[in-house]
Amino acid sequence: MIDTSGHHIVYGELQDYLTGEMLPDTDDERIRQELARLLVERLGYGKHELEPRLTIDTCYNGNRTQTLIELTIRINERRLFIVRYGPGSLVTREKAAIAAARLLDPGYRIPLAVVTNGRDAELLETARGKVLATGMCCIPDRGRAAALAGECVFEPFSDLERRDQALRILNVFDQEVCCFGNGCRGDAS
């Protein structure tokens, strides 16, 4: 039976490709699973190099938001890049992806971020927020990632004003708003 009472159509459950955990089977989750398979089966990463579903929590003006980082790729024990998925335009996802990469690891700014809608992608550098490459082929394969890990700078992101700005960006961009004015049936609170 298909559950349509919440934010997404839920077809049942599916098994997470990386962890084996059972997850709600939604259209978005199917794309997330395809991204994990792409990284392992076509781009050569080991499953142990991918960290799924990490989060960053923010609260501003009473608005609590949890930012989901679909995948974080770790090379030589350092997080090299994150992958953020969302349907629609990639440009609208750039600022939040850069903010997340700057904040996720408390020891350093993760140097790269990928935003994708499952059909297209952008590779971003997170120091200046520049687009380095576009297209699904811009996602670095394991060999390129090893080279990038040697070239990238893993510097602390410790400027308190810039950290606060990045947290505010995540709080605004990743806040889930639905059923405006009608009460949300998918909201458990």
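Author: Gladly! Let us begin with pairing: two strands pair if DSSP finds at least two bridges between them. Strands of a sheet pair through backbone hydrogen bonds, either parallel or antiparallel. Keep in mind that this is a predicted model.

Reader: In which sense do strand β7 and β8 pair, and over how many bridges?

Author: Strand β7 (residues 121–125) pairs with β8 in the antiparallel sense, over 3 bridges. Look at Glu122: its bridge partner in β8 is Thr134.

Reader: What is the order of the strands in the open sheet?

Author: The order is β3-β4-β5-β6-β7-β8, 6 strands with mixed pairing. β3 (50–60) and β8 (131–134) each have a single partner strand, so one side of each lacks a neighbour in the sheet. On average, neighbouring strands are turned by 30° against each other, direction ignored.

Reader: Which strands does helix α1 lie across?

Author: Helix α1 (residues 27–42) lies across β3, β4 (63–75), β5 (78–85) and β6 (112–116), and runs at about 20° to β4. α4 also packs on the sheet, where α4 touches β3, β4 and β5; the direction of α4 makes about 100° with that of β3.

Reader: And how should I read two helices against each other?

Author: Two packed helices are described by the angle between their axes and the distance between the axes. Here, helix α2 (residues 94–103) packs with helix α4 (residues 160–173) at about 130°, their axes 9 Å apart. That angle makes α2 oblique to α4, and the crossing is left-handed. The contact residues include Ala99 and Leu103 in α2, and Leu167 and Phe173 in α4. By class, the residues of this contact are 9 nonpolar, no polar and 4 charged.

Definitions and conventions
Residues numbered from 1 in each chain as written. Predicted model: local features only at pLDDT ≥ 70, side-chain atom pairs only at ≥ 80, totals over all residues. Heavy atoms only, no water. Axes fitted to C-alpha atoms, helices over the stretch in contact; angles between N-to-C directions. Helix = DSSP H or I, 4+ residues; strand = E, 2+ residues; numbered from the N terminus. Parallel < 35°, antiparallel > 145°, perpendicular 65-115°, else oblique. Left-handed = near helix turned anticlockwise from the far one by under 90°. Contact = heavy atoms within 4.5 Å. Nonpolar A, V, L, I, M, F, W, Y, C, P; charged D, E, K, R; others polar.
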